[in-house]
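Please look at the sequence and the structure shown here before reading on.

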2 protein chains.
Amino acid sequence: MPAAIETVLQHADATLPAARDALFDLLRIASISARPEHAADCRRAAEWVRDFLAATGFAATVRPTAGHPIVVAHHPGPPGYTGPHVLFYGHYDVQPVDPLDLWTSPPFEPQLVEGPRGPRFVARGAVDDKGQVMMFLSALRAWHDAGGGVPARVTVLLEGEEETGSPNLEPFLAANKTELAADLALISDTGMWDVDTPAITTRLRGLLYTEVKLRAARRDLHSGLFGGSALNPINALCAALGGLHDANGRIQLPGFYDAVKPVSAAQAAEWEQMGFDEGAFLGDIGLRIPVGERDRPALQRLWARPTADINGIWGGYTGPGSKTVIASEAFAKVSFRLVPDQDPQAVLESFRSFLAARVPADAAVAVTVLGGAAPGIEIPADSPFVRAAREVLGEEYGRPALLMGSGGSIPVVASLRRVLGIDSLLMGFGLDDDQVHSPNEKFEQRCFHHGIRSHVRLLGRFGG
Amino acid sequence: MPAAIETVLQHADATLPAARDALFDLLRIASISARPEHAADCRRAAEWVRDFLAATGFAATVRPTAGHPIVVAHHPGPPGYTGPHVLFYGHYDVQPVDPLDLWTSPPFEPQLVEGPRGPRFVARGAVDDKGQVMMFLSALRAWHDAGGGVPARVTVLLEGEEETGSPNLEPFLAANKTELAADLALISDTGMWDVDTPAITTRLRGLLYTEVKLRAARRDLHSGLFGGSALNPINALCAALGGLHDANGRIQLPGFYDAVKPVSAAQAAEWEQMGFDEGAFLGDIGLRIPVGERDRPALQRLWARPTADINGIWGGYTGPGSKTVIASEAFAKVSFRLVPDQDPQAVLESFRSFLAARVPADAAVAVTVLGGAAPGIEIPADSPFVRAAREVLGEEYGRPALLMGSGGSIPVVASLRRVLGIDSLLMGFGLDDDQVHSPNEKFEQRCFHHGIRSHVRLLGRFGG
């Protein structure tokens, strides 16, 4: 390890209280992007981060968008730098705080609390994503203060609308493509395997989210006078969607699995060794029996196999008591989690065919796509950036970092690939019990500290 | 025909304008039972009818209930009367009038309008049920004024809560069982086959109305993080309810058809001869292809075969846009139209078994019955009262009266049978296009006039 890294790590250790104080300052700003009355707070948070970056040697700006502003900051790295240009992405906005009465302390008054794993930070945004952003910014600051300057060429991109679906991010990326060009994106918004086991997330499922509308008669009908002759669109919708899966949990859309590749033997073995306890996972939420494809291990089902879920359904009379109506329309929101190589457009066409074959000819079916359809993502395990991060985490924790999947989507990863043409390195330090989006969100100081140190190492390696 | 009947018929013809004026007086009272602000109007309507009956020689009273009052009036018939004691049931309350802007005249300002079939009455309640009630009351009045008095023993029972589900009727029947004892109930709240073809309704389907609740995880879940492992109750509800019917439209509850008797050959032939045009029936509502049991004629499917309809369904996210949620609960309102001999309780148990066999073990299913379950009704075609009404209608119209079914329920028929032990004779004069419960409700004067005359004849026959 170069001497500089060791020095910077020691400085990071010594200044941990200052890094925490800085994070607490940022946490005190109630930057709830979903609430218009907090627009000024969002701007304050953006300015706070800009100032922090400016004080770290960056050329930092707050840039307007149609919504909340985006912070962009550049550092050229040391003179003659030839290593990779890193684009760090994060977000300064946070989720709303309701239900407020479940918080044990005010959400924007960060607390240092002693927990079973040592001190923890409790506040809205403690981990998502202010805490994770401040690990990287603290690592930059440590290099700036004690390592002779930021050792790599770094662009920082922090948006303020991640929690509301990033409506202005992709247009911003497209409009500033040249300025934001980089070799890789570095994102710290994911989790570890457990508090002692670091992880890099290399798989994300994609998403196709649709709304189905089924129309039958041109008005609501009396179920006594018409029942037995007139088509009931709710009956028909249930009959069609009830066939989404077979008895073995396989999705019945034609050709649905054609592009689905099996997980590599090495990856499957690594996941198997993690000893994931699906019984405990389900037990936590009051369930016992897994669904999904019957013959697949849990982590494959969660991370590397596609799903079909009805996220909402409605139609007819839904109030108290009874109404003997045959509705004219029925609706459902149906989404598919996708894996790499599944084309969202092809899945959409297949879903339309599936419905057309199952819905009576008298019904008009319309399928609308809601939100941008996103393909699944897989970052090759042998990418030089994944390998570098893996080594860095291995040094920091004294044990190998795992390559994980996530069943959810991180839309920015697809946006960065689509618009800027770069892959993302997802190195995060959250834990499953961090209460993200919930009351009493927390972040372990131990994770925060290791996260700063890991970023110090990674920056040093890029510059080394 | 006895001379008295002929005299009374002539009087009824001559006093048709007066009968219409009386109906219009009643129609001007806005007796909307569902609206608490019309409670005084309901009472006024009850008192109006009481006074009309008192002026017709009845001992008439307005009786309180927990809701709107019930009118009860008795006439002993002529001295030494030995014929059947008739209990006439009707209701003086009406449906709400919204949407008001679709009415061509104010709903409580009855209009005499020239239509394609001659004059018609337009007002809320014109046919349902004030117009139909006033046919019977006008027939009583004609006998009273021109026939030497009411010729049969008659009790009139008029409630004011039919349009809100008759919550106080059955308790009232039970509390006044002795006073209301009779040989048959006569109800005029149904329809003709067409304007020239009289009909008696001898079949009514029953109803079992349930709400199904399916519970899975103890909280809403993120579909990315849990999809592929955690049970989705909406998926499960659709899979279960999607199997309610097979490809031939047969209901799949175990034993569901065990008690369903085929329609008699004579009845089937009579219905077949009616030449019901299901294409036109469905075309009116924008549909083309019948549902229900594939091998059954339309009128059997509508009148004499049971059905299963999902009247409402809801669960998960139903707002605009997308939310990637796996809900914790899903709900449906599922109702069954029943035919005579099907036991609602047995159908309920069978539905529970059906669901238990189809819902994953991890889900908790609860089935609640909403409203009182009612069995189907069949009045024997050879009952002396049906035969009498058939002959009377044949004389009046110069063509045979048809025996029809109705796919809906008329709960009072079941109540009268259950509490008082009597069958109902359903002789009604409404038409399919009368806009019952809708804006511009109307009643053909021709139907009103024939209705009065038919009741004059029926009363005369009971007394003859």
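## A helix with a buried side

In helix α12(B), the buried residues are V347(B), S350(B), F351(B), F354(B) and L355(B). These residues lie on the same side of α12(B), because they cover an arc of only 135 degrees around the axis. The model discussed here is predicted. Among the elements that cover the buried residues of α12(B) are β9 (206–215), α8 (233–241), β13 (329–338) and β14 (364–369) of chain B. On the face turned away from the buried side, α12(B) carries the exposed residues Q345(B), A356(B) and A357(B).

How far apart should the ends of α12(B) be? The helix runs over residues 344–358 of chain B and has 15 residues, so at 1.5 Å a residue it should span 21 Å. The end C-alpha atoms are 21 Å apart, which agrees with that expectation.

## Two domains in chain A

Chain A is assigned two stretches of sequence for each domain: 3–204 + 377–463 for domain 1, and 206–260 + 306–369 for domain 2. Taken over C-alpha atoms, the centres of domain 1 of chain A and domain 2 of chain A are separated by 40 Å. In the contact, 4 residues come from domain 1 of chain A and 4 residues from domain 2 of chain A. On the side of domain 1 of chain A that touches domain 2 of chain A, the residues are 1 nonpolar, 2 polar and 1 charged.

## The nonpolar core

How many residues are in the largest nonpolar core? There are 289 residues in this core, and those with the most contacts inside it are A139(A), V456(A), A139(B), L425(B) and V456(B).

With its neighbours within four places in sequence left aside, A139(A) is in contact with A12(A), I452(A), H455(A), V456(A) and L459(A). One of these partners, V456(A), is itself listed among the core residues with the most contacts.

## Where the chains meet

The contact between the two chains takes 68 residues from chain A and 69 residues from chain B. On the side of chain A that touches chain B, the elements that give two or more residues include the helices α6 (223–226), α7 (233–241), α9 (278–283) and α10 (298–303) of chain A. They also include the strands β10 (221–222), β11 (307–316), β12 (325–326) and β13 (329–338) of chain A.

Which element of chain A gives the most to this side? It is β11(A), with 9 residues. The residues of the side of chain A that touches chain B divide into 30 nonpolar, 26 polar and 12 charged.

## Backbone details

The bond from D98(B) to P99(B) is cis, with omega near 5 degrees, and P99(B) is placed in the loop between β3 (85–91) and β4 (111–115) of chain B. The bond from D128(B) to D129(B) is also cis, with omega near 0 degrees. D129(B) is in the loop between β5 (118–122) and α4 (130–146) of chain B.

D341(A) is not a glycine, although it has a positive phi of about 80 degrees. Its place is in the loop between β13 and α11 (344–358) of chain A. Is D341(A) buried or exposed? D341(A) has 12 other C-beta atoms within 10 Å, so it is exposed. In chain B, phi of D341(B) is near 80 degrees, again a positive value in a residue other than glycine. D341(B) is in the loop between β13 and α12 of chain B, and with 12 other C-beta atoms within 10 Å it is exposed.

Key:
Residues are numbered from 1 along each chain as its sequence is written. Chains are lettered from A and ligands numbered from 1 in the order in which they are written. This is a predicted model: local features need pLDDT of at least 70, side-chain atom pairs count only at pLDDT 80 or more; totals for chains, interfaces and linings use all residues. Helices (H or I, at least four residues) and strands (E, at least two) are DSSP runs, numbered from the N terminus. The expected span of a helix is 1.5 Å times one less than its number of residues. A residue is buried if 20 or more other C-beta atoms lie within 10 Å of its own, exposed if 12 or fewer, and partly exposed in between; C-beta atoms are placed from the backbone. The arc is that of the directions from the helix axis to the C-beta atoms. Two residues are in contact if their C-beta atoms, placed from the backbone, lie within 7 Å. Domain bounds come from an automatic or database domain assignment. Ala, Val, Leu, Ile, Met, Phe, Trp, Tyr, Cys and Pro count as nonpolar, Asp, Glu, Lys and Arg as charged, and the others, Gly among them, as polar. A nonpolar core is a set of buried Ala, Val, Leu, Ile, Met, Phe, Trp, Tyr and Cys residues joined through C-beta atoms within 7 Å.
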